[in-house]
There are 2 protein chains.
Amino acid sequence: MNSNLKEIEQYLIGLQNDICDGLSSVDGKSTFKSDKWERSEGGGGDTRVIKDGAIYEKGGVNFSHVFGAIPDFINETKKSDGIFHATGVSIVIHPQNPFVPIIHMNVRYFELRDKTDNEIIDAWFGGGIDVSPAYPNESDTKFFHQFIKQACDEIDESYYPLFKKTCDEYFYIQHRKEMRGISGIFYDHLRPKSVEERNKFFHFMQKVGNSFLPIYKELSIRNKDKAYNEENKKWQFIRRGRYAEFNLVYDRGTHFGLKTNGRIESILMSLPPMAEWVYDYHPEKGTPEEKTLAYFQPKEWV
Amino acid sequence: MNSNLKEIEQYLIGLQNDICDGLSSVDGKSTFKSDKWERSEGGGGDTRVIKDGAIYEKGGVNFSHVFGAIPDFINETKKSDGIFHATGVSIVIHPQNPFVPIIHMNVRYFELRDKTDNEIIDAWFGGGIDVSPAYPNESDTKFFHQFIKQACDEIDESYYPLFKKTCDEYFYIQHRKEMRGISGIFYDHLRPKSVEERNKFFHFMQKVGNSFLPIYKELSIRNKDKAYNEENKKWQFIRRGRYAEFNLVYDRGTHFGLKTNGRIESILMSLPPMAEWVYDYHPEKGTPEEKTLAYFQPKEWV
């Protein structure tokens, strides 16, 4: 199989542009600024960052394509004298209003080649999309899961149940016994065994990528004008603390970036603007905050 | 050698009391509240927490003694059918005023016994004390290092240079290429080979433990009334973000706690009250914030 890395890259660059344009237009106040960077060992990226928007307080839409000698800690293939290529788009958006959810999406493609950088030894697709509201509600949660299930179903009806389950497991904060948010889908190591299968997986990548904007536009517009008070901000800060805990303790993408000498500011762009840790904080029974906790346990939404 | 765990425990409980009393009296507004807890697999602790003090915004002085089957990930001794005991006092204090430093101290003793819980197979002492100011200054930095060097020298003149170096290396945030603070001392795996040596190490534990209060009283009183503005708070929040990064990504104590099913709130008590992440933030040349950066690289202070 010849590599279709170029084609994938073209799609990802287009996706980044569309998402930045789309979110800027929803926000209306702030736009994305581009930071192009190079990685000394090979490759680089374009980190687009939005700051102090009307809706979006801090967010990044990153494209990257890095390559080079296979890092020691990737020993799955035991072929350490080859070249790896990793390309993807990675997004995290932290909104101002506690009623607008944090969103995360990542679509990526990984290729291991022999040392001539020509022959493909191994290749896989990975990615996912998940939502982390401070105040989840049933209607938004169902809308999101329904939308992403539909996108999955158009490629393969086995995908949503499988990748939803993987997401429930992956975004689980073990030490808190709760999820980071209301889940979504997460998949990894989709290894194409034929050109047809590769086309299928690439098509799936596009389905996931293209679902981001309609989903987040809708969730933003539905919630951006909701009134909030100090209590709501406090809860948002605490949930952002959980988000930081997950990303720094468990997230494989974050650790991959730190270990491959990735660009720190692009990797840690996912961290929240303002977060808070309160000792042994438990929302009181019957409060809106306490009601959110049921959403942070795995559940079938559609 | 018979175990002197009981004696060590008695010292640690007294130390916790003295430190809580001492800091409460310096603070003048808030005091420590005690949360006693038990670990289902064996042992427990007493977490003392201060909140919204005049000087101390959030802090904890933890005592714990946990024991049970040796966790799988401790395979240093390859004797997995034994019983471990771990006891220690662990402190992190986050002050209100950006000019008062965060302080961390830990003194601990670890014992591995055979499965009858009687015979000692292995035992070691560990600990350290280090300071993380948002605005380090030369006079405080020298005072702190001089004080702790003196405490070390009274036991063994080789300790300070050795343990200062270990601290420089340990509290280094690899991905930021900077230290969490202005260092201090850090030591681990001091394994007594005789009763004399055990007495020496225990004596050293006491020297370190007893140095906490005079050091932090002095650093608090020197800085607590300094005027500060929004810019200073912002820098404090950013440095607290670095503190959270270190603790969640690298800290062995935190990971040990998470893996041994420790009490989460006691372990994560170290996390800051309010922290902030700003994309690609660099203080401008010549500002007080920019001047602090030189302090976050290893240096000989005394």
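# Questions on a predicted two-chain model

Student: What average pLDDT does chain A have?

Tutor: Residues are numbered from 1 along each chain as its sequence is written, while chains are lettered from A and ligands numbered from 1 in the order in which they are written. This is a predicted model, in which local features need pLDDT of at least 70 and side-chain atom pairs count only at pLDDT 80 or more, whereas totals for chains, interfaces and linings use all residues. pLDDT is the predictor's confidence in each residue, from 0 to 100. In chain A, 97% of the residues score at least 70, and the average is 94.

Student: Which residues does Thr31(A) touch, not counting residues up to four places away in sequence?

Tutor: Thr31(A) lies in the loop between helix H1 (5–27) and strand E1 (33–38) of chain A, where helices (H or I, at least four residues) and strands (E, at least two) are DSSP runs numbered from the N terminus. Two residues are in contact if their C-beta atoms, placed from the backbone, lie within 7 Å. By that criterion, and leaving out residues up to four places away in sequence, Thr31(A) touches Ser24(A) and Ile50(A).

Student: Which element gives the most to the side of chain B that touches chain A?

Tutor: The contact takes 23 residues from chain B and 24 residues from chain A. On the side of chain B that touches chain A, at least two residues each come from strand E2 (43–51), helix H5 (230–249), helix H7 (264–267) and strand E10 (274–276) of chain B. With four residues, the element that gives the most to this side is H5(B).

Student: What is the bridge partner of Ala275(A) in E10(B)?

Tutor: Strand E10 (residues 274–276) of chain A and E10(B) run antiparallel and are joined by three bridges; two strands pair if DSSP finds at least two bridges between them. Within E10(B), the bridge partner of Ala275(A) is Ala275(B).

Student: How many residues of strand E4 (residues 83–95) of chain A are buried?

Tutor: E4(A) pairs with strand E3 (residues 56–69) of chain A in the antiparallel sense over 13 bridges, and Thr87(A) in E4(A) stands opposite His65(A). E4(A) also pairs with strand E5 (residues 102–113) of chain A in the antiparallel sense, over 11 bridges, and these two strands form a hairpin with six residues between them. E4(A) is mostly covered, and of its 13 residues the number buried is 12.

Student: How many residues does the largest nonpolar core have?

Tutor: A nonpolar core is a set of buried Ala, Val, Leu, Ile, Met, Phe, Trp, Tyr and Cys residues joined through C-beta atoms within 7 Å. Among those with the most contacts inside the largest core are Ile185(A) and Ile185(B). Apart from neighbours within four places in sequence, the contacts of Ile185(A) include Ile129(A), Tyr160(A) and Phe163(A). The number of residues in the largest nonpolar core is 134.

Student: What distance separates the C-alpha atoms of Trp235(B) and Glu289(B)?

Tutor: Trp235(B), found in helix H5 of chain B, is buried because 21 other C-beta atoms lie within 10 Å. Leaving aside its neighbours within four places in sequence, Trp235(B) is in contact with Pro98(B), Ala134(B) and Glu289(B). Although Trp235(B) and Glu289(B) are 54 residues apart along the chain, their C-alpha atoms are separated by 7.1 Å.

Student: What value of phi does His189(A) have?

Tutor: His189(A) is found in strand E9 (residues 184–190) of chain A and counts as exposed, because 10 C-beta neighbours lie inside 10 Å. His189(A) is not a glycine, yet its phi is positive, at about 55°.

Definitions and conventions. Buried ≥ 20, exposed ≤ 12 C-beta atoms within 10 Å, placed from the backbone.
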